[in-house]
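Here is a short briefing to read alongside your model. Shall we look at what sits inside the fold, and then at the open spaces?

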Amino acid sequence: VEKCIAMGARGLKFHPYINLMGPDHPMAIRLFRRWSRSGFPILFHTAHNGVEPAVLRRFSDIGLYGEALRRLPNALFVLGHAGMGYYREAVAMAKAHGNTYLEIGGQPPDVVRELIDTMGPDWLLYGSDWPVYPLAMPLAKIFIATESDPESRRKILFDNANRILKISEARHTA
């Protein structure tokens with residue numbers, strides 16, 4: 001963990017399919033506890049969309065993420081894709097724990113707007129998902145959802161990530 005941070009890491013991504021374990025597994029919790037000392041966020045790939053092999057779905061059930069959020073109240077978590085189709089469950093989980101942001105990449109504009117209205121823009125982050133995906137579509141969804149709300153747009157696209165990744169802080173101390 002220390003070496004990763006020294007090399008410039010500003011977050012840890014946990015993908016249950018790739019790690020072949022759920023976010024509630026004791027080894028995962030141990031990793032999250034260690035990473036949380038860095039003060040940087042832990043990004044979870046959440047839920048499933050039905051195109052992955054069925055055997056992997058058990059690792060990413062939306063209910064499994066609450067254990068880490070509950071056990072590590074001082075850690076900073078990001079629920080990637082805002083739980084996909086389980087976004088309302090992700091909202092409830094984030095609100096219950098208070099240490100959790102929702103990354104809204106892949107959500108349609110109407111869901112993005114609902115998330116802004118229910119979570120508030122201070123708890124939402126834009127993410128591009130994989131670097132190979134074209135950025136135009138996910139950005140367009142944010143632009144549509146925030147067309148008459150430039151303050152939320154700025155928070156989602158810039159301010160919130162800048163804050164949790166400590167980018168401004170790092171630039172001023174470099």
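F32 touches L12, F14, P23, I42, F44, A68 and L72, leaving aside residues up to four places away in sequence; a contact here means heavy atoms within 4.5 Å. This is a predicted model, in which local features need pLDDT of at least 70 and side-chain atom pairs count only at pLDDT 80 or more, while totals for chains, interfaces and linings use all residues. Residues are numbered from 1 along each chain as its sequence is written, and side-chain values use heavy atoms, with hydrogens and water left out.

**Nonpolar cores**

- The largest nonpolar core has 36 residues, and F32, F44, F77, L102, I104, L115 and L124 have the most contacts inside it.
- Such a core is a set of buried Ala, Val, Leu, Ile, Met, Phe, Trp, Tyr and Cys residues joined through side-chain atoms within 4.5 Å, where buried means under 20% relative accessible area with a 1.4 Å probe, protein chains only.
- Another core lies apart from it and has five residues, among them L76, V78, Y101 and I164.

**The sheet**

- Five strands make an open, parallel sheet in the order β1-β2-β3-β4-β5; strands (E, at least two residues) and helices (H or I, at least four) are DSSP runs numbered from the N terminus.
- β1 and β5 (124-125) are the edge strands, each pairing on one side only; pairing takes at least two DSSP bridges between two strands.
- β3 and β4 (residues 100-103) run parallel and are joined by three bridges.
- V78 stands opposite Y101 in β4.

**Pockets**

- A pocket is an open set of points on a 1 Å grid over the protein atoms alone, where a 1.4 Å probe fits, with protein on both sides within 12 Å along at least five of seven lines; lining residues have an atom within 4 Å of a point.
- The largest pocket has a volume of about 550 Å³, a volume being the space filled by probe spheres set on the points.
- Its lining has 20 residues, with L43, E103, Y126, G127 and L165 nearest the centre.
- β2 gives the largest share of that lining, three residues.
- The second largest pocket has a volume of about 410 Å³.
- This second pocket is lined by 20 residues, and N49, H81, D129, W130 and Y133 lie nearest its centre.
- Helix α8 (residues 136-145) gives the largest share of the second pocket's lining, three residues.

Key: Buried means under 20% relative accessible area, exposed over 50%, partly exposed in between (1.4 Å probe, protein chains only).
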